[in-house]
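Welcome! Let's take a friendly walk through this protein, one part at a time. Please keep the sequence and the 3D view open as you read.

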Amino acid sequence: MCSSGGSEPDLISNLPGSIIENIMGCLPLRDAVRTSILSREWRYKWVTCPELVFDFWFDQMFLGNHKLEKLVYPILKLHQGPLIKFALQVPAFRSCPDIDQWIDLMANNTVQDFTLHISRGDNHKLPSRIFTFHQLRKLKLYKCVFNPPLGFKGFNKILNLNLQNVDLVPETFPNFISACPMLERLRMVDCTSFDCLEIDAPKLKFLEFHGSLSCLPSLEELHLQAFALESLAKDTLPKKLPVTLKTLKILHLSDMYFEKIEEISCALCLIRSSPNLQKLKVTAFTFDVVESVGEYLREQKSSDCLLAQLKTVDMLLFSGVEPEMEFVKYLLASATGLEEMAILPHAGSVSDGGESILNELKQFPRASPKAEIINVKKDSL
């Protein structure tokens with residue numbers, strides 16, 4: 001800005017350094033670099049930018065006939081301060097030794113978001129240095145070789161893991177997942193084939209898997225939070241899955257929203273696809289009564305699902321609302337070998353300890369003459 005007395009420093013240049021860093025952090029890399037032409041004072045402001053993203057737009061604006069390999073190294077070399085995010089996803093990028101050098105320059109244990117997208121050629125074998133990035137919250141890899149070194153303790157802060165066309169070691173990958181206790185989202189697309197994939201991730205909320213998993217028909221026990229079923233119901237569901245779960249014996253569906261047709265239809269699809277199911281456990285999570293859900297359940301025919309092997313059913317936090325009652329009626333009419341259905345009433349919504357609900361359930365037709373309906377306490381389940 002200029003005044004009658006001559007030129008004065010512009011207001012932006014006089015801002016505190018922390019504010020300037022925040023401004024730079026909000027700019028794409030291509031725009032952050034452009035600030036160097038504002039003035040001599042701004043020539044190297046961009047080197048403190050906490051996010052370096054080499055993407056399609058960077059390719060279009062800066063690369064031209066230049067090679068990416070000749071630009072990334074000096075940018076990282078000049079960079080100062082914490083680097084929070086690094087992404088390399090320009091078109092037609094191939095594996096090269098330079099990648100390992102760039103990762104070495106980032107070894108300051110501040111990277112929280114890392115993306116490496118190899119577009120063509122061979123998969124890139126990740127260097128061991130990346131497994132020292134203990135602050136990682138998000139890791140996205142495309143066409144890489146992912147093989148943690150012996151003794152690796154895991155990424156104990158990672159929330160999001162996205163792997164596509166990644167070479168994995170089936171024998172050790174489950175151990176890696178179990179060493180990521182905060183993991184909430186896992187996406188695996190066209191990665192190494194697994195004969196058996198065991199996922200031990202107590203906080204996992206989202207799982208997407210595309211590829212070969214020959215163990216699915218051999219699944220014996222499955223525990224799903226019901227909201228994970230909603231993604232399966234975006235289109236019209238068939239009555240049964242394309243793959244029969246012949247060995248599934250125990251199915252636990254927790255937090256089942258009985259006011260959502262999407263979750264109910266997915267649950268029935270799983271049950272119908274499990275002809276040898278022996279134990280079903282459903283934990284209800286119902287607030288509202290939606291009449292259409294009850295109508296949907298009444299339209300379902302028990303002849304479409306004869307569960308000859310189902311012996312026990314546990315219905316937990318049962319409120320006795322119409323959709324829950326119709327769901328139980330359907331099971332009682334379908335399970336020809338049922339021996340026991342245990343009902344645990346929801347203490348907050350059932351006033352008489354569940355006796356009235358139990359009496360009504362006992363009036364429902366049963367396909368199994370041996371089926372007994374009992375009211376239980378929490379401690380007994």
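## Before we start

A residue is called buried when its relative accessible area is under 20%, exposed when over 50%, and partly exposed in between, using a 1.4 Å probe and protein chains only. This is a predicted model, in which local features need pLDDT of at least 70 and side-chain atom pairs count only at pLDDT 80 or more, while totals for chains, interfaces and linings use all residues. Residues are numbered from 1 along each chain as its sequence is written, and side-chain values use heavy atoms, with hydrogens and water left out.

## The open sheet

Helices (H or I, at least four residues) and strands (E, at least two) are DSSP runs, numbered from the N terminus. Two strands pair if DSSP finds at least two bridges between them. With that in hand, look for an open sheet of seven parallel-paired strands, in the order S3-S4-S5-S7-S9-S10-S11. Its edges are strand S3 (51–54) and strand S11 (206–210), each of which pairs on one side only.

Inside this sheet, S7 (residues 138–142) and S9 (residues 160–164) run parallel and are joined by five bridges. Tyr142 stands opposite Gln164 in S9. Helix H4 (residues 69–78) packs on the sheet, where it touches S3 and strand S4 (85–88). The direction of H4 makes about 180 degrees with that of S3; here axes are lines fitted to C-alpha atoms, for helices over the stretch in contact, and angles run from 0 to 180 degrees between N-to-C directions.

## Two threonines in strands

Is Thr115 buried or exposed? Thr115 counts as buried because its relative accessibility is 7%. Thr115 belongs to strand S5 (residues 113–117). Contact means heavy atoms within 4.5 Å, and beyond four places away in sequence Thr115 touches Phe86, Ala87, Leu88, Gln89 and Lys140.

Thr283 sits in strand S14 (residues 279–284) and is buried as well, at 13%. Its side chain makes a polar contact with the side chain of His252 (3.3 Å). A polar contact is a pair of N or O atoms within 3.5 Å; within protein, one must be able to donate a hydrogen and the other to accept it, and residues adjacent in sequence count only if both atoms are side-chain atoms.

## A buried leucine

Leu361 is part of helix H10 (residues 355–361), and at 0% relative accessibility it counts as buried.
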